[in-house]
Every structure is written in structure tokens, then in C-alpha cells.
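Please take a moment with the structure shown below before reading on.

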Amino acid sequence: MQALPRVSSVEVFTLEVRVRGVFRIALGAETRVETLYVKVTLDDGSVGWGEGAPAPRITGEYPRAALEAARIASQHLPGIRLPEELSDALELLSRLLPRSPAARAALESALLDAYSRSIGAPLCALLGGCRSEPLRTSFTISLDEPEVMASKAAEAVEKGFRRLKLKLGGPPSLDIARVEAVRKAVGDDAEIMVDANQAWSLAAANKVIPRLESLGVMLVEQPLPAWDLRGLAELSRRSPIPIAVDESVMDMHDLAELVGLGFRGVVNVKVSRVGGPLRAARILQASVDMGLEAMVGCMLETSLGISHAVHAVSTVKPSFVDLDAPLLLERDPAACKVYDGVMVAPPRGPGVGCEPRLSV
Ligand SMILES: [Mg+2]
């Protein structure tokens, strides 16, 4: 009988990635991000890769802290036998990294990638199933003056994107002007979602949402602060436009609490925010099981992280797919083949189906 593979080494490092121009949301603006990479090597020669994109404005996890946290946690992994000790190892990561979702995501991703490669399977097979159809991603328009957003939106539609996500951030009259300008520029065929990234009060949401409805907006994401689960649940029951939660859901407990408060709507799940592809797959599945709609999203991250997200979302049919981050970067150092035009390719193996080419 063949010996079970063991983890022989774990490397952890950050990569600096430049954004095309400036990426601005209600919480702040970025021209560059530092994303966390993990490489796990098994003693049978299999190599696995993982990414976690720390989002300090959302999770409080700064890249240096994520790097340090992942390095400390990674010291516990060499010698672990796969798959026997995999779930214990993932549980240990949860205990060591309770507030470092990106660090946890990078380590979990790399472990799962390495193990699925060692058995010659695609990662999605470990997560419960593999989809064979491609997904169409939306395209994000950074927060800006109405006319700038309108011209970027028109450009995206010209490139073939049908669904746009407009970043909003108040005040209400300016947010309405932004959506009016974009609708005028793209016509009635393009689908428009908006993401306020926590910027509105309940009063502001009540003022803006009816206007957005008349402009044909199909989804309003995270209109209220992340902590205001009660407000989001209430809004979700009476808003004429479906409400999505994003920053409010860090784990399964947040989701259960929202549902307990009566939330109905859409749950945006991001691998780097919930701590790994296995966790993301579980939250996506639980959302659908509880009668909510699933959305798969991303941080500002490279195509390695997106590849993991593609596997994580392969057991549910997401109503919304927002996996455009590498398209917003000046250069994608991982250079994984994720896109086919504006479509996101179905998951491929072995593992996550991507070996980052980092020599560039
Ligand atoms: Mg969002």
C-alpha cells in the first residue's frame, strides 16, 4: 500500500499587485494591494498553492499581520498526513487564526490544492462536486463622479460585460446621479447592481432604493453597516430591490443570525473573507439550503484566488457571479487561465488547475 503523503514544507509570502488606475469604494481607495500567497509541498512531490487577500478596511487584517499570522500557523503543518489529519489541521488553523480570514484562506487553499493534486483530482471533487458550465461574471465600476462612472460603464458594455456592479458611497443624491448617468450611458439592456459598501443609513437606503428601482437596478449590496444585521434583515423584507449581504457575513454564525432575524436576499461569499474554499463552499451551500440566493465574489486578488473561488462555487448555482478582480489589475502575477472572454471557465484539475508563474 502506498504511504499517505505528508506535508513537507510550507512557504508564505506576500506579492504586491498594482491596480489599474485607482479602485475606490465607500470604505477607501487603493492603487496597490498586497496579497498573501502560500505554497505547500508534500513529500510525494505534490505542490499546492493558495491565496488570501487581506482587506484591512473590512476585516482589520493588514497584510503584514496576515503574513506573520500565516507564518506562525504554518509552522504546525509540516509532518501532517493527508487526508487523515486534514480536518484536524483545518480545525487547528481556525483556532490559531480566528481573526485572520485571508491568512487562513491562503493556508486552507494550498493544503486542499496539494492534496487534491496528490490524488490526481480537481479540488472541486473534494468540496462536493464539479460544475461543467462556465459562469458569466459581472464587472465592477469604481466609485467616482457620475460622468466618469458612466464612461467606464459604457466601455465595459462595449467589451461584452452585460452585468455591471457600481460602487456607490453617498450622499444619496450623488449616488442617484451616478446610477442615472450610467443607465443613460449603457441603455436598458445592461443589468445594473450597486454596492454601497456599508455607506448608507436606513433613512438613506429608504430614500435611494425607490429611485434605483425606477432606474432598473437589480440588486443592492451591503447598503447598511456590517454590524447592522437587524437593519439589513428589515430592509431585505420590504425593499423592492433584492438586498445582498457581503461584509456582514464572515462565517456561518453570521449567516444563521441573519436568517434568524428574517433576512431574505442574496449572500455574497468570498474565499478570502470567510477563510478558505471549503468554508466558502459550505456557506454558499447553506445559503441556498436556507432559501437565499448565492453570490460568489472576490477581493482585489489575483487569478490564483479566483481559481479557488471557481472551485468553491461549483456545487451551487450562483445567482450572481462577481469574479472580476484580475481584470482590474495592471498585471496578474499568477497568470492562471480563468477567463474565456467575459466568461469564467469551469473548474479544472488537477487541484485548483493553476500553477502560478511567478518569475515575471
Ligand atoms: Mg461588496
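Is the crossing of α6 and α7 left-handed or right-handed? The crossing of these two helices is right-handed, a crossing being left-handed if the near helix is turned anticlockwise from the far one by less than a right angle, and right-handed if clockwise. This is a predicted model, in which local features need pLDDT of at least 70 and side-chain atom pairs count only at pLDDT 80 or more, while totals for chains, interfaces and linings use all residues. Residues are numbered from 1 along each chain as its sequence is written, and side-chain values use heavy atoms, with hydrogens and water left out.

**Helices α6 and α7**

- Helix α6 covers residues 146–159 and helix α7 covers residues 172–186, and their axes come within 8 Å and cross at roughly 35 degrees; helices (H or I, at least four residues) and strands (E, at least two) are DSSP runs, numbered from the N terminus.
- Axes here are lines fitted to C-alpha atoms, for helices over the stretch in contact, and angles run from 0 to 180 degrees between N-to-C directions.
- On the α6 side the contact (heavy atoms within 4.5 Å) is made by P146, M149, A150, A153, A154 and V157, and on the α7 side by L174, A177, R178, A181, V182, A185 and V186.
- By class, this contact of α6 with α7 has 12 nonpolar, no polar and one charged residues, where Ala, Val, Leu, Ile, Met, Phe, Trp, Tyr, Cys and Pro count as nonpolar, Asp, Glu, Lys and Arg as charged, and the others, Gly among them, as polar.

**Residue I176**

- I176 lies in helix α7 and is buried, with a relative accessible area of 12%; buried means under 20% relative accessible area, with a 1.4 Å probe and protein chains only.
- Leaving aside neighbours within four places in sequence, I176 is in contact with V208, R211 and L215.
- Although I176 and L215 are 39 residues apart in sequence, their C-alpha atoms are 9.1 Å apart in space.

**Helices α8 and α9**

- Helix α8 (residues 202–214) and helix α9 (residues 229–238) pack at an angle of about 20 degrees, with their axes 11 Å apart.
- That angle makes α8 roughly parallel to α9, because angles under 35 degrees count as roughly parallel.
- The contact joins L202, A205, N206 and I209 of α8 to G231, E234, L235 and R238 of α9, and its residues divide into four nonpolar, two polar and two charged.

**Helix α2**

- The buried residues of α2 are P63, A66, L67, A69, A70, A73 and S74, and what covers them includes β1, β2, α1, α3 and α4.

Definitions and conventions: Parallel < 35°, antiparallel > 145°, perpendicular 65-115°, else oblique. Buried < 20%, exposed > 50% of the residue type's maximum accessible area, 1.4 Å probe, protein only.
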